[in-house]
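Here is a short report on one protein model.

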Amino acid sequence: MKIAKNRLVMIKEKEMEYDYLKSTESVYNFLKYKVELHKEPEEVVVMLALDNKLNVVSYCDVARGDISQSFLNPREIFKRALVSNAKSIIIAHNHPSGDVTPSLEDSTVTKIIKEAGEIMGIKLLDHVIVGEKEYYSFFENDPEMIDSYEATRHFRITEKKNKNKTDKEVSQKEKERN
C-alpha cells in the first residue's frame with residue numbers, strides 16, 4: 001500500500017487595497033464595496049482571517065447556498081482558517097432578500113462556530129449578515145454569541161492604528177474608488 005505525502009498550499013487569487021477594518025461598519029463596507037457580497041443572487045458565506053496582531057490577512061468564500069439558505073459546515077471555515085494561519089476570524093454572509101434579521105439557523109451556526117473555534121484556538125470576532133442597505137452584527141447585537149472580549153480588543157486596537165480616519169471617510173473613499 002502506498003501513502004501519499006501531501007502539503008497544503010494557499011493560492012492567492014487576487015489582492016485588494018483596503019484600510020484597516022476597525023469596526024463592524026468598516027467590515028460591512030469592505031464586504032459591500034470590495035467583495036460586493038450584497039449582489040450575490042444566493043446566500044454566500046465568506047470568512048476573514050486575522051493574524052495574531054489582528055490584521056486581516058485574507059478572505060475566502062466558504063459556502064454557497066440557494067436564495068434562502070447556505071449549506072455551511074464549520075469544517076470548511078476552519079480548514080481555510082488553519083491554512084491562512086488565522087488567530088481569529090470574522091464570518092459573514094448575505095441575505096439576498098435584503099432582510100438582515102438573523103434566522104434561527106444563523107444563530108445556531110454562530111454558536112457552533114464559536115464553540116469549534118474555542119476548541120481549535122481560533123476566536124470568532126463577529127458574524128455579519130450583509131444586505132444592500134444595512135447589516136446585522138452579532139458583535140453589536142448579540143455579543144454573547146461570539147468572543148466579544150477579543151472582538152472589542154480587535155476593534156479598539158485597529159481604531160488606535162487608524163485614529164484619524166472615521167468609518168464615514170473610509171466608506172466615502174470606497175464609494176469613490178468604485
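Helix α3 gives the most to the lining of the largest cavity, with three residues. Helices (H or I, at least four residues) and strands (E, at least two) are DSSP runs, numbered from the N terminus. The elements that each give two or more residues to this lining are α3 and β4 (123-130). The lining is made up of Lys 114, Gly 117, Glu 118, Ile 122, Lys 123, Leu 124 and Asp 147.

The model is predicted: local features need pLDDT of at least 70 and side-chain atom pairs count only at pLDDT 80 or more, while totals for chains, interfaces and linings use all residues. Residues are numbered from 1 along each chain as its sequence is written, and side-chain values use heavy atoms, with hydrogens and water left out.

Rolling a probe the size of a water molecule over the atoms shows where empty space is left. On a 1 Å grid over the protein atoms alone, a cavity is a set of points where a 1.4 Å probe fits but cannot get out. A pocket is an open set with protein on both sides within 12 Å along at least five of seven lines. Lining residues have an atom within 4 Å of a point. Points are joined across faces, edges and corners, and a volume is the space filled by probe spheres set on them.

A search of the whole structure finds one cavity of 30 Å³ or more. Ala, Val, Leu, Ile, Met, Phe, Trp, Tyr, Cys and Pro count as nonpolar, Asp, Glu, Lys and Arg as charged, and the others, Gly among them, as polar.

| Space | Volume | Lining residues by class |
|---|---|---|
| Largest cavity | about 40 Å³ | two nonpolar, one polar, four charged |
| Largest pocket | about 920 Å³ | 15 nonpolar, four polar, 11 charged |

The largest pocket is lined by 30 residues. Lys 14, Met 16, Val 57, Ser 58 and Tyr 59 lie nearest its centre. Elements giving two or more residues to this lining are α1 (24-34), β2 (56-64) and α5 (148-161). The largest share, seven residues, comes from β2.

Back to α3, which spans residues 104-120 and holds Thr 108.

Overall, the protein has six helices and five strands. Their order along the sequence is α-β-β-α-β-α-β-β-α-α-α.
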